[in-house]
Amino acid sequence: MAITAPLTLARVVVIALYVVILPVSFRWLIPSLSSTAKKLAIITLAAQALVVAIALYGAGTDTYFLRLFHIHREESITTAVAGLQLALIGELALLTACCGQGRPAWSRLHMAGLGLLFFFLAWDELFMLHEYMGLEHWELAYAVLGLLVVALTTLVMVRSPRHTWIWYICLLTGLAITAVGALLIEQLRFMRVCGELGLVHHYTFLDRDICLTYLIEEPMEMLGVWLMLVATLGLLSIVVAQPKLPLRALLYVLPIVSFLAIISIRNPSVEAVQRRIQADSADVTFESGIQLYGSQMERGPDETDLQVVLWLSASPFRYHGLGYSIHLIDPISATSYSSENVFVTVSGKRIRGPWYLPVYRQFRQLGVPAQVPRNRAFLVVLSMWREAGDEYVLQRIVSSDHKLLSDSQVVLGEVVLPRGRAAYAFSPLAGFDNAITLGAVDLPAQARPGDTLSITFSWRAEQVVTEDYVQFLHFGNEKTGEWWVYDSPPLGARLPSRLWYSGLADFETWEIPLPADLAPGRYLVFTGLYRASDLERLEARDAGGGQFLDARVPLGAMILERG
């Protein structure tokens, strides 16, 4: 008969494992432990059973809470509990070796070796060493190591008093169960085999079939590790039948210290998360614990949309009703030319953030209407909100390393929508060292003080520009030697040079108000560029490569008539 409930089958197998092993343990093993060891065994079993139950009955669903207890996903609470058990075995084994002064040296050496081995296994469990080290045949290496442990443990057992054999047998049994889960069932994950076993489950939120052998493998490993923990507690109970208060306190403190150490070691910093997401880093905190770690922005291939990626995290259980808005805003007029309002999604790509909080990748395409001006700087602005009944409550920004437009709007960055090369004729007048070229300028022949002088400048960029430059105009009176200066960004405030792209070609008409008290006469006019950061001029050259004196490009002469 075909099995139509793979999740049910996996749960039944796991429950059967516990039903078989736990009654035997509580009948023959737990009663022989010291009172302190007995409590420790029960507490660790309860913690293990809790996370396994949550993981088993949450499998196939996609909620934040159940992801924390995912039974096979690394960097989960389940992984922390598994690592805790392994670390605790290592600590108890070393403690047994230290307290067993009356036992043979080879027995104490065996326990010390087990302690170091289990510390390594805890390290591997928590940090996936065999995966990150790229070991191709790690299963074989672990199998050989396990056989060596079995051989040494068996040798120690046969040379030990018979009343200790039950604990060595328990240790070997736990090792065998763990090995079956980690090495044997691990190999049954091929989809064909899973299909024959009836363990293929379709995850709706992933939209793909997953083999559920991990639902059996991981609980089997954890149950085997618990048996080895009980065995270690039994050997410690033989060495110290009635532990005194300091030792009893130490046995209770060890799990707490181990757990705190594990979650601290596994807890990435904000900087670690920012490095991992490989995006433009951000450290923006909204109220309710909402955190922005980074963002990315790219223009679509046809320039009709802007692709925005966010990396967001929120406090536990705070995703319900949480949404965000992205606006494309003109910084000069404060006009919003395009916007998207969307709820946060928690079913896509994610990484683990500080304190096990997942950081979710949010992807949106912000449409750019055809009427949006080109070659103009725009701000990409983010705001967070929460649905509350019929209202959408904006989330206040608590702290930010980015510029804010308001207490609920953060500027993710600046973008410019290219226009392409201009159709008008471009006659180079001067080139600057940063591959910026100034076109020919028609300077009015005459003007009057108090008039508005109109001059059109055309520019071309042959490479990406990342700095802010200021263009200057110098008016020098030939008769008096006096100078009048006027400065402005080359293309005005609409497009700062830090956003110029390779291939930009554009012009800007300056409307220059001449002072009413400017002395009449013949003026020589020069222009050029300087860096806004340090006021240093950029070297300028003519079309033939000759260098202009004082990095000033001569535009010609203008007569200022009497008013």
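This is a predicted model: local features need pLDDT of at least 70, side-chain atom pairs count only at pLDDT 80 or more; totals for chains, interfaces and linings use all residues.
By class, the lining of the second largest cavity comprises 6 nonpolar and 2 polar residues, and no charged ones.

A search of the whole structure for cavities of 30 Å³ or more returns 2. The largest cavity has a volume of about 70 Å³. Around the largest cavity stand Thr96, Ala97, Arg103, Ser107, Arg108, Met111, Tyr168, Leu235, Ile238 and Val239. Three helices, α4 (77-99), α5 (105-127) and α10 (213-239), each provide at least two residues of that lining. The lining of the largest cavity divides into 6 nonpolar, 2 polar and 2 charged residues.

Attention now turns to helix α12. Within α12, which spans residues 270-277, the residues Val273, Gln274 and Ile277 are buried. These three lie on the same side of α12, because the arc they cover around the axis is only 100°. The buried residues of α12 are covered by elements that include the strands β3 (280-286), β4 (291-299), β5 (305-313), β8 (350-352) and β9 (358-367). After α12 comes glutamine 278, which has a positive phi, near 50°.

How values were computed: Residues are numbered from 1 along each chain as its sequence is written. Side-chain values use heavy atoms; hydrogens and water are left out. On a 1 Å grid over the protein atoms alone, a cavity is a set of points where a 1.4 Å probe fits but cannot get out, and a pocket is an open set with protein on both sides within 12 Å along at least five of seven lines; lining residues have an atom within 4 Å of a point. Grid points are joined across faces, edges and corners, and a volume is the space filled by probe spheres set on the points. Helices (H or I, at least four residues) and strands (E, at least two) are DSSP runs, numbered from the N terminus. Ala, Val, Leu, Ile, Met, Phe, Trp, Tyr, Cys and Pro count as nonpolar, Asp, Glu, Lys and Arg as charged, and the others, Gly among them, as polar. Buried means under 20% relative accessible area, exposed over 50%, partly exposed in between (1.4 Å probe, protein chains only). The arc is that of the directions from the helix axis to the C-beta atoms. Contact means heavy atoms within 4.5 Å.
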